[in-house]
Structure formats: C-alpha cells, structure tokens
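Trainee: Please take one part of this chain and go through it closely. I would like a single connected account.

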Amino acid sequence: MQTTRPGALRCGVLAAAGTLAALLAACGQHESSSIERGRRVYVANCTVCHNTDPALPGSIGPPVAGSERALVEARVLRAEYPPGYTPKRSTRAMVALPQLAGSIDDLAAYLASVPPR
Ligand code: HEC
C-alpha cells in the first residue's frame with residue numbers, strides 16, 4: 001500500500017493556496033465594482049420601462065441618470081419621492097420593487113455614474 005509522500009502533499013497545499021490567492025484577488029476586484037453590479041441590476045429590473053441608457057427616456061419611464069441615492073431608494077422601495085423632490089412625471093405607473101433593498105447602493109452608484117444629458 002502506498003502512502004502520500006510529504007513532498008506531494010506540500011505541493012498540493014501550495015497549489016491550493018495559490019488558487020485561493022487568485023480567487024481572493026478576483027473577488028476583491030468584483031467587490032470594488034458597485035457601479036458594475038448596479039448596472040446589471042438596472043438592466044435586469046428597470047429597462048422594461050426605463051431606457052438601457054439611463055440618460056434617455058424609456059418606453060414609459062423618464063431618464064434617471066444622475067439620480068441621487070435618496071430618490072432611488074424612495075422610488076424603488078416604496079414608489080414614492082423624497083420629501084421636497086419635484087418628480088419629472090406626475091404619473092404613478094412605476095411599481096415598487098422592495099426585493100431590491102440590498103441593491104439600492106449599487107443602483108445609486110450606477111445611476112450617479114451616468115451624467116444626465
Ligand atoms: C413598470 C415600469 C417601471 C419599472 C419596472 C421601473 N420604473 Fe422607474 N419609473 C417608471 C415611471 C413610469 C416613472 C415616472 C413616475 C411614475 O409614473 O411612477 C418612473 C420614475 C422613476 C424615477 C424618478 C424619476 C424622477 O426624477 O422623477 C426613478 C429614480 C426611477 N423611476 C428609477 C427606477 C429604477 C432604479 C428601477 C429599477 C430598479 C425602476 N425605476 C423600475 C416606470 C418604471
């Protein structure tokens with residue numbers, strides 16, 4: 001019966017550590033891109049009504065580029081507006097999407113990153 005040689009074992013541990021370091025590096029990069037995560041959430045949840053380019057009007061939603069976090073949160077979680085905000089439209093067609101509570105920061109980071117035109 002053959003037992004594992006210590007040398008092979010050490011190499012395996014080193015390889016595993018190397019993979020972990022690469023994974024951690026990749027994770028770190030991913031974590032830093034709140035804007036990219038926000039873009040994906042926007043494309044998946046908002047572009048039925050808003051334009052894929054947030055600076056332009058969508059099929060029924062107005063341009064939302066440059067929206068502040070308070071506005072994004074009030075709209076997405078409650079379909080409301082922050083106190084004192086003058087809405088771009090007087091309609092009430094948008095539905096709240098409270099299941100996106102964990103993505104408000106990312107959505108706001110993305111929308112703030114697109115300059116309004
Ligand atoms: C069902 C269609 C629909 C969906 C889905 C939708 N919206 Fe809207 N949104 C609208 C409409 C229409 C308005 C204009 C006000 C109204 O009618 O409710 C609006 C208004 C807004 C406003 C306020 C614009 C302003 O300055 O007055 C923001 C911000 C916004 N939407 C963000 C989002 C985000 C972010 C998502 C995705 C998480 C989203 N909306 C999903 C239809 C939609």
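Predicted model: local features only at pLDDT ≥ 70, side-chain atom pairs only at ≥ 80, totals over all residues.

Mentor: Residues are numbered from 1 along each chain as its sequence is written.

Helix α2 covers residues 34–45. Helices are DSSP runs (H or I, at least four residues), strands likewise (E, at least two), numbered from the N terminus. The expected span is 1.5 Å times one less than the number of residues. For the 12 residues of α2 that gives 16 Å, and the end C-alpha atoms are 16 Å apart, so the two agree.

Which residues of α2 are buried? They are Gly-38, Arg-39 and Tyr-42. Buried means 20 or more other C-beta atoms within 10 Å of the residue's own, with C-beta atoms placed from the backbone. Seen down the axis of α2, the buried residues fall within an arc of 105 degrees, so they line one face of the helix. That arc is taken from the directions from the helix axis to the C-beta atoms. An α-helix has 3.6 residues a turn, so residues three or four places apart point the same way.

Now the setting. The chain has four helices and zero strands. From the N terminus on, the order is α-α-α-α. Buried residues make up 15% of its 117 residues.

Notes
Buried ≥ 20, exposed ≤ 12 C-beta atoms within 10 Å, placed from the backbone.
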